[in-house]
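Please read them alongside the coordinates.

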Amino acid sequence: MAWKSRTRSLQVFDTELSADTVEWCPIPEWHNILACGTYQLQKGPDAGPEDAATRIGRLYLFKFRQQGPMCPPLSELQRIDTPAILDIKWCHVPVSEKPLLGMATASGELQLHRLLESQEGRCALQTVTSLGLGPDKLALSLDWSTGRGNSSDVRVVSSDSAGCVNVLSLGENSLTAVSQWKAHDFEAWISAFSYWDTQLVYSGGDDCKLKGWDLRMGPSSPTFTSKRHSMGVCSVHSSPHRERILATGSYDEQVLLWDERNMRQPLSESALGGGVWRLKWHPTHEHLLLAACMHNDFHILHCQQALEGSGGACSVVASYILHNSLAYGADWSQLSLEEPPPCSPLETTESRQSQTERRTGGHLRIQYESPTASFDTSLEDDTGRYIPESLSPSSASSVAGPPACPNPAVDSPAVSCLMASCSFYDHMLHVWRWDWTPQEAGCTGTAQGEGERRAVGEGDGGQAVAPAKYAKCTTRRE
């Protein structure tokens, strides 16, 4: 069965500072809340070439609400100036009945912020506590032990620029250091819990090593050390759906899937054409994996066959390429999308073009250049009016099964997801939508016009592969 995969941008937000991490709130009542963190090196106007730069950051809080076709869905609720932010993660369960956001900063601190709601219904973050990991360190990542909804003995694991892994316990309004040890020779880019056994911790470092640790045995030696990645390991995520399944990503541009019982040989190896900075399993669909690939955009992988032991690469079922800089932060929202999947632009290209010309005077403001050397358009016209998603560019592609087909016993017949992603040097946050539907259930027609995004390609063995970047018409600042 052929499946239609489509992505379309809903809104673009300029974060002003370089954006590197974004997270939707996982607590049901607050699924429409989005946080975004930024990182910027700043020198004063009189600073010399040898003067150290200051690392500054800003934490943004947004609310997503579908208010009709002519209203932008994302609204800013709050911005907090902070030290530069390397990672943010919401705790998967409420703490004191409220969502809790953890933040790893360039000052070497872990900060916790509680989401509060006023009587008027306005949400805001309030600082709860912070804890330093040590002098002259950058906190690089964090993860919560609550990935499967376990609310007892809530802990945080964090990695830092000195190659250490830190485990901390959460009190009522405090963080307490439980253990700290030297895990890697260089920066420890990532640390993560096994969500099925939270006494197990994983870490990845710039020494190209992936390591496992059992907190019951102490940190004197790892339970395993893998050198399967050929460059720095910067992403690790335990599957919340399947026991012992682990996804790892690296600067070597590979995504590896592992069974924790055999860390000598991965289940699958997928080349994505860009350093894999972040990996996120879908919160409800067990076979879907989101990858932020630095120099090669954002991709959604379907991992069913790999997890069932085929040994092949995961299928790439969608790509989002509208960013123009390093792809760092990405996340799935659990918010239900009320609107049905969009129809093919072939059916309505002429009518939408005439609508656009009538509503915007025939002009869409050019915002930045796309990797395909055609121009992406902003979601505002030249007078600053919002252009609704129904009139904005989208992408469409048909993906042939069976490699990319969902399992009907597990997955729904169609998938519609709200996504967020952010990129570094262009300091942009994008909110976008992905729809994946059976071909016969959607609208007909698959041809693509010049303004559409690239289709998912077919690689050797019937596996879809992430397409490489096209040459730019202008020089990138990367």
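This is a predicted model: local features need pLDDT of at least 70, side-chain atom pairs count only at pLDDT 80 or more; totals for chains, interfaces and linings use all residues.

1. With neighbours within four places in sequence left aside, Trp434 is in contact with Ser5, Arg6 and Thr7, with Leu288, Ile300, Val317, Ala318 and Trp332, and with Val415, Ser416 and Cys417.

2. Trp434 also belongs to the largest nonpolar core, which holds 19 residues. Together with Leu288, Ile300, Trp332, Met419 and Trp436, Trp434 is among the members that touch the most others. Two or more residues of this core come from each of β24 (288-292), β25 (298-302), β26 (315-320), β27 (327-332), β31 (415-423) and β32 (428-438).

3. An open sheet of 4 strands has the order β15-β16-β17-β18, with antiparallel pairing. Because β15 (190-193) and β18 (224-226) each have a single partner strand, one side of each lacks a neighbour in the sheet. On average, neighbouring strands here are turned by 15° against each other, direction ignored.

4. Within that sheet, β15 and β16 (residues 200-204) run antiparallel and are joined by 4 bridges. Ala192 has Tyr202 of β16 as its bridge partner.

5. The antiparallel pairing of β19 with β20 (residues 245-250) extends over 5 bridges. Here Ser235 has Gly249 of β20 as its bridge partner.

Conventions:
Residues are numbered from 1 along each chain as its sequence is written. Side-chain values use heavy atoms; hydrogens and water are left out. A nonpolar core is a set of buried Ala, Val, Leu, Ile, Met, Phe, Trp, Tyr and Cys residues joined through side-chain atoms within 4.5 Å. Buried means under 20% relative accessible area, exposed over 50%, partly exposed in between (1.4 Å probe, protein chains only). Contact means heavy atoms within 4.5 Å. Two strands pair if DSSP finds at least two bridges between them. Axes are lines fitted to C-alpha atoms, for helices over the stretch in contact, and angles run from 0 to 180 degrees between N-to-C directions.
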